[in-house]
Amino acid sequence: MSLLNINNLSVILETNKGPARAVRNLSFRLEKGETLGIVGESGCGKSMAALALMGLLPERSKTEGQIKLDGQNLLEKDDQEMCQIRGNRLAMIFQEPMTSLNPVHTVGNQIMEPLRLHRNMSESDAKVETLRLLDRVGIPNPQARFDNYPHQLSGGQRQRVMIAIALSCQPDVLIADEPTTALDVTIQDQILDLIQTLVREEGMSLILISHDLGVISENTDNILVMYGGAAVETGKTEQIFDELIHPYTQGLFAAMPKLGRAKNRRLVTIPGTVPDLISMPMGCTFTDRCPLATEVCQNTPPPVVEVKSKHFVACHHLDEARDRKTEELFS
Amino acid sequence: MTTESHPVPVLEVHDLVRHYRLPRESLFAEPGHVYALNGVTFEIQKGKSFGIVGESGCGKSTLARNVMALEDTDSGSVKILGKEVIGLSFDQLRPLRRHFQMVFQDPYGSLDPHHNVGRIVAEPLAALGAISKAERESRVSTVLQSVGLKPQDVSKYPHEFSGGQRQRIAIARALITHPELIVADEPVSALDVSVQAQVLNLLKDLQDEFGVTYMFISHDLAVVEYLCDEVAVMYLGEIVEKGQTADLFSTPAHPYTRILLDAVPKPGSGRKRERIKLEGNVTGQTERRMGCAFQDRCPMAKDICHKVKPPLNSVGEAHLAACHFSDEVMQKAKSATL
């Protein structure tokens, strides 16, 4: 049995303009020690899926489907039970380390809080453990940093503190939502390295959410590509990058400027913009921007086909998408 | 005044210095300074794109603001089309502003939500003096079309547009005076990958069409490689390496450039690459020290680096680097590509 089994998860947000399906019929599994990358542009539902896992969705939202952690459906738990699971079993690192840390508490106190609440440690034990955690996430001179406020730390160090908080209760699954987007490349490198090392040494599973295909490709075993709330392609990282099949994955990859590519080649662009979640078509979410789209795409959700072992693609025009080159597709 | 052999560069920046004073820590203490720019020199020829890369805190945005004459400069010179702009008063600058315009990073913060697109885009025309309403309208609709928006969009408000479209509006606003130089400070950082590609292609097309010159600031090396002819790498308010994009990216001569290039995750490789890792983060903006700016974080630092500041030396054709060991760094890059 998988550690985490997500089955047909849908998240519906109530907005003034009507219900918006932020996540639609998402299914995936996460094994112990596995790292899964979720990649997609803004509004594709990757953060909403993560918040649904954590039980942190905004108030006016509905969920359907199942999120099973060790066989127990998290969507049926009440607040109090979720409090026991959050932190202890699932922990999350957010994108913006400045806004996710409390500016009026010292970083030491913020790391001690989950230790005292979840692990019932005494104040002195919690302090010892906090210093160990600060050292573990590579903050130099933990004694001195313990009494610092978040504004006294650099962006990279703040993210290290966030990681220390997430680690404090030894969770089984670590969810990192764009953990390095606000950081410089060199600092990004350090933080991703740290997350990798910790995940490996503590035996955690990792869900890494990013819009950056480079980050995802270097740090994960498996990938899930999302568009408009739906999974369009999943599979082993190496295999997906060997053969991108879904028109969206192809377009996304080609649209990214890559180091060492000929300067004079134009970037491939996907026409249009990410559509509004409310006005999403019934069928394939990529219909409006897809060069292969036909009538059937508009109205019928695409079948999910296993093209190779564990490599799934959701597209009506699978053969055509496979045969045509990306440049031909988007020209 | 332009001659064939020595055309006047669109932008000449010479030894630009900008230090910000910090508040006094106590009554009798000397106030500290943030040394944001420490003598930056470069020039951009007409129709070229000049990229500036570096981590946050290295002075990229300060440089942009000083080139745009948006704040006072301590010393140095900025010449736009051969004309000095440093030291000019607001009124003297105003008519010159048509020649240089700026595109900002955040397309949400840089457009006034209370104004419609027509008014936002037409605003820089005020610098040209009085023009007729009909001409203003025709220029607005032409410029909107050239950035891929519809002339009917003039009566809409910024909130009705997506991030990519807003950035197009910001570009239209910069273009409307037919400037020679556009300073773009991280113009695509806030955009999604698929939309970023559209805006990058647009910037390229506009350059081909109107011959505008870009000073393009970005932390994303791949974007700079795609768009720019020349690149300067900045560290702690100094240019540490400068050269043609292809040369600099294939054979970097400064360890910092090498490390920046290596730190970019490459999609498709799937596996971790062997590379030098950079420890720590940018520090030292508030101190003046002997020796190389990069000494604290450099993996190759030796005694001489702590004592002698390396000059910006020529290491190849139009390729400059400020490192005592640039030959060694280049040798490594060459052998790695073989």
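This is a short tour of a predicted model, stop by stop, with something to select at each one. Residues are numbered from 1 along each chain as its sequence is written, and chains are lettered from A, with ligands numbered from 1, in the order in which they are written. Local features here need pLDDT of at least 70 and side-chain atom pairs count only at pLDDT 80 or more, while totals for chains, interfaces and linings use all residues.

**Stop 1: chain A as a whole**

Select chain A and colour by secondary structure. You will find 14 helices and 12 strands; helices (H or I, at least four residues) and strands (E, at least two) are DSSP runs, numbered from the N terminus. The radius of gyration of chain A, taken over C-alpha atoms, is 21 Å, close to the 20 Å from the globule rule (2.2 Å times the number of residues to the power 0.38) for 331 residues, so chain A is as compact as a globular protein of that length. Its C-alpha trace spans about 65 × 50 × 40 Å along the principal axes. Of the 331 residues, 47% are buried, meaning that 20 or more other C-beta atoms, placed from the backbone, lie within 10 Å of the residue's own.

**Stop 2: the sheet in chain B**

Now switch to chain B. Eight strands form an open sheet there, in the order β6-β7-β8-β3-β9-β10-β12-β11, with mixed pairing. Two strands count as paired if DSSP finds at least two bridges between them. Select residues 100-103 and 313-316 of chain B to see the edge strands, β6 and β11, each of which pairs on one side only. Neighbouring strands of the sheet are turned by 25° against each other on average, direction ignored; the axes behind this angle are lines fitted to C-alpha atoms.

**Stop 3**

β6(B) and β7(B) pair in the parallel sense over four bridges. Zoom in on V103(B), which stands opposite A184(B) in β7(B).

**Stop 4: strand β3**

Which residues of β3(B) point one way, and which the other? Select residues 49-53 of chain B: S49(B), G51(B) and V53(B) point one way, F50(B) and I52(B) the other. Five of the five residues are buried, so β3(B) is largely enclosed by the rest of the structure.

**Stop 5: the neighbours of β3**

Show residues 213-217 of chain B, strand β8, which runs parallel to β3(B) and is joined to it by four bridges. Here F50(B) has M215(B) as its bridge partner. Then show residues 230-235, strand β9 of chain B, which also pairs with β3(B) in the parallel sense over four bridges. I52(B) stands opposite A232(B) in β9(B).

Notes:
Axes fitted to C-alpha atoms, helices over the stretch in contact; angles between N-to-C directions. Buried ≥ 20, exposed ≤ 12 C-beta atoms within 10 Å, placed from the backbone.
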